[in-house]
Amino acid sequence: MFAIRRAPGRRGGRRAVWLLVGVLLVSAGLAGVAVWQNTYALREEKVSLRHDGKLLDGVLAMPERGDGPFGLVVFVHGDGPVDATHETFYRPLWETFARAGYASLSFSKPGVGGSEGNWLEQSMADRAEETLAAVAWARGRPEIDGRRIGLWGASQAGWVLPKVAAADRRLQFVVAVSPAVNWLRQGRYNLLSELRRDGAGAEERDAALRRRETTLGLLGRGASFAEYRAAVGDVGGVTAARWSFIARNHRADATADLRAMRGTPVLLVLAGHDVNVDVADTEAVYRGILPAASLTVARYPDAAHSLVDHAVESSRWRLTLTAVLAPRKLYAGGFLADQARLLRRLGSGEGPA
């Protein structure tokens with residue numbers, strides 16, 4: 001009886017061992033896939049730039065082979081504490097550009113990574129000066145063709161890119177991804193879009209708009225953070241530093257700078273599921289100011305504001321798995337291929353269309 005009772009235990013133990021072995025093999029396989037998928041055809045070099053008395057930490061990502069000189073894409077970040085790689089989100093783009101013969105240059109924002117300073121103390125003009133310094137630094141590098149330098153920027157970069165292009169007429173191109181034009185219009189659109197997305201009723205919508213008007217009044221008279229907090233009560237995630245940043249930049253408008261950069265080839269990238277930026281407003285302004293010969297508009301109906309596929313971004317588990325196991329699939333279909341096509345056309349002397 002004792003032997004009969006032990007036999008199933010052995011079989012159960014063997015099953016458990018083989019189950020564990022299977023889990024380990026699957027885990028090892030997935031880990032291998034993750035490593036492979038996050039290995040890029042790039043040569044990355046850590047670089048630094050001293051600007052306005054502060055050291056900025058960055059990455060120069062070049063094609064795997066060749067000595068250059070390569071064309072260059074200088075990255076201009078959106079809002080928030082963004083590091084040079086945007087937590088590796090930029091690397092699929094860098095690889096795409098490298099295969100088209102272009103290097104990529106990106107610096108961590110002040111106060112992020114190894115960069116000194118505080119990005120919340122910057123105006124859009126400060127950010128433009130920083131980008132111009134990065135372009136000037138790149139023109140001094142032997143691996144870079146100073147005649148083939150362009151800008152790539154997303155979201156809040158919409159207020160920076162035109163300033164830089166207006167100041168440096170030698171830039172070869174600008175890629176503006178989900179850019180806003182007017183800070184105040186963009187803020188109102190974003191507020192109403194999020195309320196609709198969250199199913200807010202008319203009463204909640206009216207209350208939010210009244211709160212917004214109160215906030216704008218405070219900004220208009222230069223109110224302190226303490227005054228703002230006393231007036232609106234719950235300030236959510238707004239800190240004193242963030243309030244100062246908003247106060248410094250809430251009048252930003254790209255219209256005049258867009259006029260000043262007329263003639264620079266521009267690729268305007270718009271997403272179909274953008275709750276941050278009113279893409280119809282942005283497209284109308286760009287088309288109304290920039291010559292048709294220098295403007296190309298690319299629309300991605302399935303993309304969110306970040307140009308990540310909307311269905312992927314809407315599911316946390318899909319977003320996590322895709323970021324780990326297939327990061328190139330994060331972006332909306334066709335986006336990376338279109339970016340490469342643009343650079344190949346420019347490299348051959350053709351226009352951006």
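Predicted model: local features only at pLDDT ≥ 70, side-chain atom pairs only at ≥ 80, totals over all residues.

Student: What makes the peptide bond from G68 to P69 cis or trans?

Tutor: Its omega is near 5 degrees, and the bond is cis. As background, most peptide bonds are trans.

Student: Why is the pair of F75 and Y90 called tilted?

Tutor: The ring centres are 4.7 Å apart and the planes make 50 degrees. Rings pair if their centres lie within 6.5 Å, and planes under 30 degrees apart would be stacked while those over 60 would be edge-to-face, so this pair is tilted. F75 is in strand β3 (residues 70–76) and Y90 is in the loop between β3 and α2 (91–99), 15 residues apart, and the pair thus links distant parts of the chain.

Student: How do you know whether F75 and Y90 are buried or exposed?

Tutor: The cut-off for buried is under 20% relative accessible area. F75 has 5% and Y90 has 2%, so both are buried. Ring pairs also join F75 and Y90 with W94, F97 and W152 in a cluster, and the structure holds 16 aromatic pairs.

Student: What makes K109 a charge over the ring of W119?

Tutor: The charged end of K109 sits 4.7 Å from the centre of that ring. The distance limit is 6 Å, and the charge must also be within 35 degrees of the ring normal.

Student: Why does the phi of T88 stand out?

Tutor: Most residues other than glycine have a negative phi. For T88 phi is near 75 degrees, a positive value. T88 is in the loop between β3 and α2, and its 36% relative accessibility lies between the 20% and 50% cut-offs, so T88 is partly exposed.

Student: And where is S178, and is it buried or exposed?

Tutor: S178 is in the loop between β6 (173–177) and α5 (183–197). Its accessibility is 1%, under the 20% cut-off, so S178 is buried. Its phi is positive too, near 50 degrees.

Student: What makes β1 and β8 edge strands?

Tutor: The open sheet has 8 strands in the order β1-β2-β4-β3-β5-β6-β7-β8, with mixed pairing. β1 (42–51) and β8 (295–304) each pair on one side only, and that makes them the edges. From one strand to the next, the twist averages 20 degrees.

Student: How do you know that β2 and β4 pair?

Tutor: Pairing needs at least two bridges. There are 4 bridges from β2 to strand β4 (residues 102–107), so they pair, and they run antiparallel. In β4, L105 is the bridge partner of L60. Helix α3 (residues 124–139) packs on the sheet, touching β1, β2, β3, β4 and β5, with its direction at about 120 degrees to that of β1.

Student: Last one: why is V312 called buried?

Tutor: V312 has a relative accessible area of 5%, under the 20% cut-off, so V312 is buried. V312 lies in helix α11 (residues 310–313). Leaving aside neighbours within four places in sequence, V312 is in contact with R318, L319, T322 and L330.

Definitions and conventions. Residues numbered from 1 in each chain as written. Heavy atoms only, no water. Phe/Tyr/Trp six-rings, centres within 6.5 Å; stacked < 30°, edge-to-face > 60°. Helix = DSSP H or I, 4+ residues; strand = E, 2+ residues; numbered from the N terminus. Buried < 20%, exposed > 50% of the residue type's maximum accessible area, 1.4 Å probe, protein only. Axes fitted to C-alpha atoms, helices over the stretch in contact; angles between N-to-C directions. Contact = heavy atoms within 4.5 Å.
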